[in-house]
Amino acid sequence: MKRCFLITSMVLAGSQFITANAQEKPKPADTEFYTPVPAVVSPGATNSSAPSDAIILFDGKNLNEWVSVKDNSPAKWIVNNGAFTVDKTTGNIETKRKFTNYQLHLEWQIPSNITGEGQARGNSGLFLASTGGGDLGYELQILDSYNNKTYTNGQAGSIYKQTAPIVNANRKPGEWQSYDVIWTAPVFKEDGSLKSAAKVTVLFNGVLIQHNFELAGPTQYIGKAAYNKAHGASPIKLQSHGDKSEPISFRNIWIREL
């Protein structure tokens with residue numbers, strides 16, 4: 001009788017095991033979901049054209065989205081033929097709007113008649129987050145580095161004084177060049193200490209030159225970068241460098257908040 005009971009129990013247990021296994025067998029639908037539905041965004045006509053959800057920071061007509069860093073007055077750089085050129089007498093400019101994480105497209109041109117050498121040849125900077133006046137912030141270097149020697153963490157495409165670009169993808173002076181940037185802003189704790197560092201990915205003329213690089217802090221011309229002061233959303237800044245070379249130009253600037 002005991003043996004019969006044992007066999008019956010084993011059969012029942014086996015049946016339950018098979019049933020459970022059948023119920024737990026993975027199905028394709030287990031890993032499929034249908035919400036949330038991504039918003040529809042119309043891409044631009046080309047990869048450099050603004051998609052439908054972009055904020056246009058320069059449309060070739062005016063600098064209404066920009067102000068002077070010195071006094072917050074309207075930006076006074078020179079707009080002509082769908083582009084604008086640095087006016088070195090008026091200083092840096094920055095966006096009226098503030099941003100945290102974003103995708104940015106910007107095109108720039110070193111003049112064909114550029115003179116000077118090293119850091120004094122077509123120098124400017126794209127500050128991915130401006131944290132104050134002057135050159136405070138996180139700088140992606142702009143420079144004529146087509147055939148111009150300088151320190152590698154100061155050439156075009158470098159995160160200035162922090163890291164060199166993976167490769168040199170510069171075009172000749174006189175040709176338009178592009179930066180496509182994915183910026184992840186730093187995050188700070190309530191006490192002002194750093195929670196997560198800023199990160200950046202950059203394509204220079206379509207070539208990957210910075211790959212999810214983690215910044216050590218805002219740009220420092222002298223000394224090592226560090227996160228000494230907490231901040232939130234910040235403007236994007238363009239530098240009017242003090243060198244004597246011919247001023248550079250910009251066009252087709254747009255941004256997508258992430």
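The paragraphs below lead through a predicted model, from its nonpolar core to its salt bridges and then to some points along its backbone. Residues are numbered from 1 along each chain as its sequence is written, and side-chain values use heavy atoms, with hydrogens and water left out. Because the model is predicted, local features need pLDDT of at least 70 and side-chain atom pairs count only at pLDDT 80 or more, while totals for chains, interfaces and linings use all residues.

In soluble globular proteins, nonpolar side chains tend to be buried together. A nonpolar core is here a set of buried Ala, Val, Leu, Ile, Met, Phe, Trp, Tyr and Cys residues joined through side-chain atoms within 4.5 Å, where buried means under 20% relative accessible area, exposed means over 50%, and partly exposed lies in between (1.4 Å probe, protein chains only). The largest such core has 46 residues, and those with the most contacts inside it are Leu126, Tyr179, Val181, Trp183 and Phe250. At least two residues of this core come from each of the strands β1 (55-58), β6 (102-109), β7 (124-130), β8 (137-142), β9 (176-184), β12 (199-204) and β15 (249-257), and β6 gives the largest share, four residues. These names follow DSSP runs, numbered from the N terminus: helices are H or I runs of at least four residues, and strands are E runs of at least two. Valine 181 shows what such a position looks like: leaving aside residues up to four places away in sequence, its contacts include Tyr102, Leu104, Leu126, Leu140 and Val202, a contact being heavy atoms within 4.5 Å.

Charged side chains form another set of links. The whole structure holds six salt bridges, each defined as a side-chain nitrogen of Lys or Arg within 4 Å of a carboxyl oxygen of Asp or Glu. In one of them, aspartate 53 meets arginine 256, with the closest N and O atoms 2.8 Å apart. Aspartate 53 lies in the loop between α1 (2-24) and β1, and arginine 256 lies in strand β15, so this pair ties together parts that are 203 residues apart in sequence. Another salt bridge joins aspartate 243 to lysine 88, with the closest N and O atoms 3.5 Å apart; aspartate 243 sits in the loop between β14 (237-238) and β15, and lysine 88 in the loop between β4 (83-85) and β5 (93-95), 155 residues apart. Aspartate 243 counts as buried at 8% relative accessibility, whereas lysine 88 counts as partly exposed at 30%. Arginine 121 and aspartate 144 form a further salt bridge, with the closest N and O atoms 2.6 Å apart, and both residues are buried.

What remains is the backbone. The peptide bond from threonine 35 to proline 36 is cis, with omega near -5°, and proline 36 is placed in the loop between α1 and β1. Asparagine 81, in the loop between β3 (78-80) and β4, has a phi near 55°, a positive value in a residue other than glycine, and this asparagine is exposed, with a relative accessible area of 75%.

Asparagine 205 also has a positive phi, of about 55°, but it counts as buried at 14% relative accessibility. Asparagine 205 belongs to the hairpin of β12 and β13, which has two residues between the strands. β12 and β13 pair in the antiparallel sense over five bridges, pairing being defined by at least two DSSP bridges between two strands, and valine 200 has phenylalanine 213 in β13 as its bridge partner.
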